[in-house]
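Colleague: Could you take me through how strands and a chain interface are read from a set of coordinates? I would like the general idea and then the case at hand.

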Protein chains: 2
Amino acid sequence: MVVGRDIDDLPKNDANYTALTPLWFLDRAALVHPTRTSVIHGSIRYTWQQTYQRCRRLASALAKRSIGLGTTVSVIAPNVPALFEAHFGVPMAGAVLNTVNVRLNAATIAFLLGHSSSVVVMVDQEFFPLAEEALKIWSEKSEGHYKPPLLIVIGDESCDPVALKSAMRRGAIEYETFLETGDPEFAWKQPEDEWQSIALGYTSGTTASPKGVVLHHRGAYLMALSGPLIWGMTEGAVYLWTLPMFHCNGWCFAWSLAALCGTNICLRQVTAKAVYSAIAEHGVTHFCAAPVVLNTLVNASPEETILPLPHVGFRVTHTYGLSETYGPATVCAWKPEWDSLPPVKQARLNARQGVRYIGMEGVDVFNPETMQPVPADGATVGEIMMRGNLVMKGYLKNPKVNEEVFANGWFHSGDLAVKHPDGYIEIKDRSKDIIISGGENISSVEVENTLYQHPAIFEVSVVARPHEKWGETPCAFVTLKPGVDNSDEKQLAEDIMKFCRSKLPAYFVPRSVVFGPLPKTATGKIQKHLLRAKAKELGSVSLSKL
Amino acid sequence: MVVGRDIDDLPKNDANYTALTPLWFLDRAALVHPTRTSVIHGSIRYTWQQTYQRCRRLASALAKRSIGLGTTVSVIAPNVPALFEAHFGVPMAGAVLNTVNVRLNAATIAFLLGHSSSVVVMVDQEFFPLAEEALKIWSEKSEGHYKPPLLIVIGDESCDPVALKSAMRRGAIEYETFLETGDPEFAWKQPEDEWQSIALGYTSGTTASPKGVVLHHRGAYLMALSGPLIWGMTEGAVYLWTLPMFHCNGWCFAWSLAALCGTNICLRQVTAKAVYSAIAEHGVTHFCAAPVVLNTLVNASPEETILPLPHVGFRVTHTYGLSETYGPATVCAWKPEWDSLPPVKQARLNARQGVRYIGMEGVDVFNPETMQPVPADGATVGEIMMRGNLVMKGYLKNPKVNEEVFANGWFHSGDLAVKHPDGYIEIKDRSKDIIISGGENISSVEVENTLYQHPAIFEVSVVARPHEKWGETPCAFVTLKPGVDNSDEKQLAEDIMKFCRSKLPAYFVPRSVVFGPLPKTATGKIQKHLLRAKAKELGSVSLSKL
C-alpha cells in the first residue's frame, strides 16, 4: 500500500525546477511595470525597463572582460543608483558582489579588497581618493602578487565634476562609459545552483580582522520575499534608502523592491531634512533605520521637519539581526492587545527583539554549554542562536571560525538574551559587552535603556571600566540633547547617577559619566571597543576615590 | 585571482540549510499570535495555538498507526476546519494529503482512492454514504488486493447527528476521537528533502482518467509566500474560504494564512448570502472565486445582499492557473494608467490572464511545433507554457503523460493564447475547445465573451456542433438571468444571434442556441465535454436547415 516510490519517483527537470535567485524579480518588474519609476536619485529618474537594461549592460560589460563565476566585484559607494544596479548586474554576470562600507579607513579597505581577491572595484567619485589609497596599501602589502583590479568611478551630479575628470585621468573608467560597452539585451545566466554565492559583506570586526560573510542566491531570494511580508510592504511600495546598501545588502531590500515593482529613493547622506523631504515629496511608504536615525528624526529642529506628511505618522517595526542572517532575523511582531497599553509599556514591549522572521526556521536562546534552550522566564540569560535558510554560507577563508559559529548545528550570534513567557526574546548584551562587577553580570544595554529615559541625554553608551575592588564597574559615555546646559558637567553627572539609582540596582549605576560625541561605525553602531579603550585609559577606579 | 573555490567551499550544514516547507509557518503562527483566531466555522472558534495543537494531534495519531513517509491520506470534505488541519497534520506525519472533490461520483472517487493507494480516508459526515459507496466499488474492482483504509468521519454541528452516529456504527472513527489519540506536543518531523511530496490532487479529467498532480514542500512554501504578495495580503488577513480547499489545496492559501497569522473563515456551501454575511460579520479582507461565484454575488437578490459592507467595495484581481501550477500561474497585474480608462476598457484589459506570478520563473506562449515564443502582437495563437518552481513534480504513475507535458523543458498547459504588445497573455481557448469551421479556428472563449454582453444572458458556454459543410459551427448553451421572459425561446435565440452578428465575424456567430442549466464541476468549471456530447446528439446541421 505504500506509494512512496511512485509519489517520489518524479525527478526534477527543466520545467519544474529553477535555482532560486532574486534576479528573476528584476526581469518580472521590467515586464509588468516597465514604465514605473524604479529609482530616484536627485534629478535622475529610471524606469524598471531602464534599470533592467542598465543592469544587463553592467553584466554584459563585466562578462566581456571575463568577469564571471567565482570572481568578486567590490563597490565602494553610498546609496546611489549604481550600487542598486550592482545588486543585479554583478550576479547576472555570475560574479559575487562585495559591498564596502564607505566609512572604513584605507588600510581596512585594502584588507577587504585583498582578502576577497577583488578583480573589479567600482567606486563613487567622492571616495575615489580613499580607494586609491587602499589600492596602494594593498599593492604594497601583496609582495609582488598584486594585479591591479579594473577601476570604475561612479560620477554623481551632486559632486565636483573636476574630481570625476581627475579620477578618469588616473586610469579609472567612468561607470556610464563602462555601461555603454555592455549589451542592454544581454542574455544573463541564472545560477545553476541556488547555493551559489551572490554577495559578500565584511562585518565591522571590532576586535579581530573583518570577517567576510558569504550569502547565496537562495537566501537572498527568500529574504527578499520575507521582508515585505513582515513589514506589510505591498506591490508598488516606495522605499527610502536610509539604511546603507553596503550594510548587509540593505537587508536584501534591493531585491525586495524588484519583487514589489516598487520605487527606490536614493540618499547620499541621511539627514532629518532629507528624510522628511523624501517622505513629503515622493510619498515614501517604508524605510529602515538604526536607532540613531530615528533619534535624529525625533529631535530634528523645526526647520528640518516638513509637515504635514502624506501619512498619518510613523509606525516603528522593531527588528534585530546580523550580517550573518541576511539582515533581520527577528521582528517584535506587534500584538493587537498592546494597542490599549500606555505608551511606556508599549515601548518596553516593542523594544524587545521578538520572534523569528518568516523564512528563518529557528531562533532560540540557548545555554551555550548544554545547548538547552533557556526557560521562558524573562530572566535566564543565554545566547541567541539561529538556524535556517537565512543563515549565511559561512565566513570567507575562515574554516576555524566557521566551525565555531556553526557548532552543534546552530549559528551562534554572540548576543546574550532572555526569553519572555510570551516567547519573545530580548537582548541583554553582546557577550563581550557584558560588565562583570564583583562576579555579577551587568547588562550594559539595560543601563543604557535606563539612561535613555533621562531628559538631558541624546545618546549614551555604557562600557566596563576597570575597578580595584569589583573588577569592573559601568562607565557611561553621554551625548547631551541640543540646548541642554552643560556648564556644570559634575552636577549633570551626579544628577544622572542619582536618576539611575532611583531605577536600577546599586551596582548597575555608572560610577563615571563622560560627556562628548560617541565614535560610530558607518551604520550608526556605537564603537564600544573604542569606548572600552577610553575607559581603560581613565584608569582603574581606586577605592579611595569612591 | 579567482576566489571561486573559497567563495563556494562553504557547504550546507544544519545551521544554514533547512528544507523549505510551509509547516514552519504554523509553528510560527502559534508562537507569534497564539491567542489570535485561526479558524472560524459556524459557532466554532480556534486560536493558532489550538490549531497547532490539533494539527500535531492529527500527525501524532497518524504516526501512531504507522502512517508516514510515502503514504497517502485522502480527505473528502468541503471547507471545514478538519480539511484545513489536514493540510498541516498529514504532512507533519510525513504523509501526502490527497484532497478529493466532494462532487465527484462514487466510481471516480473509487478510482482516486485506489490509484493513490490511500491508507486513510477522512470524510465529512455529509459525504459518508458517498465514501462508503466508493470504498465498495474500489474493493470490488481490486481483485482481492483491497485492504480497507482507516476510515475517519468528520462531524459537523450543522449536519444531522444521527447520520454521524450511524457512520460510527459502520466502523468509522470520529475525527475528534481520533485527535484525542494524538499528542498535542508531538515533535513533528520536518521533511528531509524539500522535494518530498506534500499533496496530491486529481484533475477533473474531462476525457481520460483523472490525473494525480503531485506537489512538493518546496513549491507549497514558495506559493504560500507568492500569493499574499500578489494579492496585497498582509499580516492578519481575514480570508473567506469560497474556493474549495480540495481544489489544488485552495491555491496554497491554507499555508499562506499560517504565514500571515491570519484568520480562516470556513464555508460549507457558497451562497451569496453566506459570502455577504461573512464579509459583514468577520471583516473578510480576501477571498478567491471562480467567475460563477462573482456572478452569483453580482446577481444576488436584495434579501441576499448585506449592505453596507465594512470595505469600500470589491477589487477583483484576475489570476489564471492550473492544478499543475499550485494554483495561479499568472496575474493580470493592474497598471496605474488603467485607472482613468472607461469601465468597459478596464474590464477588457483585466480579463486577460496577464503576467507570471512571483515565484514562477517562466510563463510564455509558444508555437508548440517550433518551441519559439509567438510574437507579442495580440493575434498569433500559441500554447501557454510554464517553467519554474511552481510547476508540479509530475502526474502520479503516469510516465508517458509526464514526458509529453514536460517536453522541451516547459510544462505544456494545453491552453491556447495570444501575447499582447504589453507582454500580457490572453487565453483564446483550450486546445480541445477550439472550433474549426471551414478550416478557420474559432475561439469559443471569444464567442462566449461577446455573448456575456447580452443583457438576458446569465451564463453561456460555446462548443462545436458538427456541420455538413463547415465541419463544425459554434453552438451556444445559455442560462438566462432570473426574471428574463423565456416564453418565446425561438425569438430569444434569434435576438442573441443577431446581437452576435453585430459584434463578431459571421462564421463566429452561433448557428444554434440551446437554453437550460449548464453542467459544472465542483469548482464551477463548465463541463464542455458534456455539452459537446449534447451538441453532437443534436446532430449535424444540414445544409437544407440553414
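Modeller: In this model, two bridges join β14(A) to strand β15 (residues 355-356) of chain A, and the two run antiparallel; strands here are DSSP runs (E, at least two residues) numbered from the N terminus, as helices are (H or I, at least four), and two strands pair if DSSP finds at least two bridges between them. In that pairing V331(A) stands opposite V355(A). The model is predicted, so local features need pLDDT of at least 70 and side-chain atom pairs 80 or more, while totals for chains, interfaces and linings use all residues. Residues are numbered from 1 along each chain as written, chains are lettered from A and ligands numbered from 1 in the order written, and side-chain values use heavy atoms, without hydrogens and water.

Colleague: Which strand does β13(A) join, and by how many bridges?

Modeller: Four bridges join β13(A), residues 319-322, to β14(A), again antiparallel, with Y320(A) opposite T330(A). The two strands form a hairpin with four residues between them, where Y326(A) in the turn has a positive phi of about 60 degrees.

Colleague: Why is β14(A) described as largely enclosed?

Modeller: Because five of the five residues of β14(A), 327-331, are buried, that is, under 20% relative accessible area (1.4 Å probe, protein chains only), with exposed over 50% and partly exposed in between.

Colleague: How many salt bridges cross the interface of chain A and chain B?

Modeller: The rule, a side-chain nitrogen of Lys or Arg within 4 Å of a carboxyl oxygen of Asp or Glu, finds four. D27(B) forms a salt bridge with R356(A), the closest N and O atoms being 2.8 Å apart.
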